[in-house]
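I opened this structure to look up its charged residues and their partners. My notes are kept in the order of looking.

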Amino acid sequence: MQPNLNRLLRALAREGLDVTYDGRVYTVRLQRDAHAPPAEVLLPPDLPVEGKAFQQLAALAALKHPDGGAVKRVRATPDFHPGDSGVAIGSVVHTEGLVVPGAVGTDINCGMRLHVADIPVESFLARRDAFVERMKGHYFFGTRDVALGSRAVEALLRDGLPGWLVETLEQPLGAVARADLGQLDRESTRVYLGGALEGDPAWAPTGLRREGVVRDPGLASIGGGNHFVEVQRVEAVVDRARAWRWGVREGQLAFMVHSGSRDLGKHVGHTWQERARAAWPVGAPLPESGILPLADPALVREYLRAEATAANYAFLNRLLLAELLRLTLRELFGDVEAPLVYDVPHNITLPWEGGWLARKGACPAEEEQPVIIPGSMGAESYLMVGLGNARALASASHGAGRARSRFSMARGGADQREGALGLTGVDCITLRAERRIEEAPAAYKPIGPVVASQVEAGIVREVARMRPLMTFKA
C-alpha cells in the first residue's frame, strides 16, 4: 500500500472524485454523479497515480445521451495515462444503446504484429548495417514499392485482409509480387478476427479510391509518437508447450510492428467526432468532458462501418511493414520463413454482451488468445496468453504506459544525458533526433510491474520475453 495513500485520496477528493483502493484496484467515480458506474483501474501500489487520467476515466463512466443508452462498465489497464483527446489511454468501456467515437479516437486499430525468424542473432548483427540501410529506404526515404490495384483497395476497405488478398492474387503489384502470397493467406488465421471487418470504401479519402494503380503514402509507414518497428531476440520462453505451438523458440530473432490506420484513421475519427457534435439534440447540455456519444441507431451503424474501414486499412499497414522486413531478411539470409505469431488491435469498437466494447490503448485478452505487450525500446517486451478475465473486460495493457510527456522529455533544462534517458546501449534508428529523446526509455513506466500486476489479477499468463536489438522510429 502506498505510504501516502490517504493524502492521495484526499487530493483526488478535492478534485471532485470519490476514490477507493484495495491494494490492487482503484475505484473511481465523479462526486457529482453518484449514479454513474464506478470506473476501475488495476494499478500496483508502486506505480504513479495521475489525477488527470482518473478524471478522464470517471467522466467516461458518467457519459450519457439525452436519447438513451448507457455506459455499463469502465475499466483501465495498469499502463493508463491521460489522453490528449480527453479519454485516458488504457480505457475500456462497455456500452449499451450508444457508441463513443472518442473512446477509440483517431488512431483506429493501432495495434501490434509479431513475427519470429530462425536466424542466429550473431549472424543478423554481422549484417546489421546492410539491413539497416535497406530498411531506412523502405521506412524513411520512400523507396518502398507498395502498390495496389484499385479493385484491391476497394476490397481491402470493404472486406479487410481477405478481400485484399483475393484481388492481389489476381494482380500482384510492387513488392508484394515478391511475397509468398500463400503464406500470407495461411497466416490470416493468426490475425485477430482474421483482419476482416465490414467496412465501406466511401469512407476513404478520394486519393485512395482512384482508378488504376494506387500508391498510397500511408501504407507500410510507421507513423509518429510511440509507433515503431523493432527487431528483437527471444530472450526467455516460460510456457514452452504453448510457445512451441505458436512457433516461438528461445534464441530466435523476432520483429514487432506497432502502427495503425494513419491518415485514414484521422479522417474517420475527426469526421465522426464532429458528426457526434452536430447530431447532439438541440438545447441539451453538452458533456463537460467534450466526449460525445452516438445514440441514433442509424448513426451508430454508419460510424461502426467507417471505423471498420480504417481498421481494415491498419491491418494491411502492419502486414506490409512486416512484409518489407521479411523480404529484406530473405534478401540477406536466403529462404527465411519468419512466420507470423499474431496481429492484434488496440483501438477499436466491437460487439460485447449485447452492446459494444471500445478499447483505447488496450489489448484484447480473450481466453487462449495471444497478447503482445511491448516495453520501451530499452526494455523487454512480453508475449502472453489471454485468460478472458470478465472483470478486466477481457483486456490487457498495450504497453508500459508513459510516465513523462513528450514535452517534458524534450523541454530545455531536462536531463538529456544518455544514461539519464535510459538510452545507453539502445540502437534507435530514426531521422529525427528529438524522436529518440521523446521516446526514450525514461519516458515510460517500468514494464515489469505492469505485466506482473496483470498476471496476479488473472488477466494474462506469460509465454515468452523478447529483448530489443534495434528500433525504428519515424
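This is a predicted model: local features need pLDDT of at least 70, side-chain atom pairs count only at pLDDT 80 or more; totals for chains, interfaces and linings use all residues.

Entry 1

Entry 2. How many salt bridges does a search of the whole structure find? I get 35. I looked up some of them one by one.

Entry 3. I began with Arg 242, whose side chain meets that of Asp 239 in a salt bridge, at 3.1 Å from N to O. I then checked the cover of Arg 242: its relative accessible area is 7%, so it counts as buried, the cut-off being under 20%.

Entry 4. Next I took Glu 418, which forms a salt bridge with Arg 436; their closest N and O atoms are 2.9 Å apart. This pair links distant parts of the chain, 18 residues apart. I find Glu 418 in helix α12 (residues 418-421) and Arg 436 in helix α13 (residues 433-438). Is Glu 418 buried or partly exposed? I read a relative accessible area of 37%, so Glu 418 is partly exposed.

Entry 5. I turned to Lys 473 and Glu 439, whose side chains meet in a salt bridge with an N to O distance of 3.2 Å. I checked both partners for cover. Lys 473 has 4% relative accessibility and counts as buried. Glu 439 is buried too, at 1%.

Entry 6. Which residue in β4 is the bridge partner of Glu 40? I find Arg 75. Strand β3 (residues 39-42) and β4 run parallel, joined by three bridges. I looked at the cover of β4 (residues 70-81) as well: nine of its 12 residues are buried, so I write the strand down as mostly covered.

Entry 7. Last, I went to the surface. Which residues gather there in a patch of negative charge? I list Asp 118, Asp 180, Asp 335 and Glu 337. I followed up Asp 180, which is found in the loop between α6 (161-170) and α7 (181-187). Its relative accessibility is 34%, so I count Asp 180 as partly exposed.

Key: Residues are numbered from 1 along each chain as its sequence is written. Side-chain values use heavy atoms; hydrogens and water are left out. Patches are made of residues with over 30% relative accessible area and no salt bridge: like charges are joined within 9 Å, nonpolar side chains (Val, Leu, Ile, Met, Phe, Trp, Tyr) within 5 Å. Accessible areas come from the Shrake-Rupley method with a 1.4 Å probe; for residues, only the protein chains shown count as cover. A salt bridge is a side-chain nitrogen of Lys or Arg within 4 Å of a carboxyl oxygen of Asp or Glu. Lys and Arg count as positive and Asp and Glu as negative; His and the chain ends are not counted. The place of a charge is taken as NZ of Lys, CZ of Arg, CG of Asp or CD of Glu. Helices (H or I, at least four residues) and strands (E, at least two) are DSSP runs, numbered from the N terminus. Buried means under 20% relative accessible area, exposed over 50%, partly exposed in between (1.4 Å probe, protein chains only). Two strands pair if DSSP finds at least two bridges between them.
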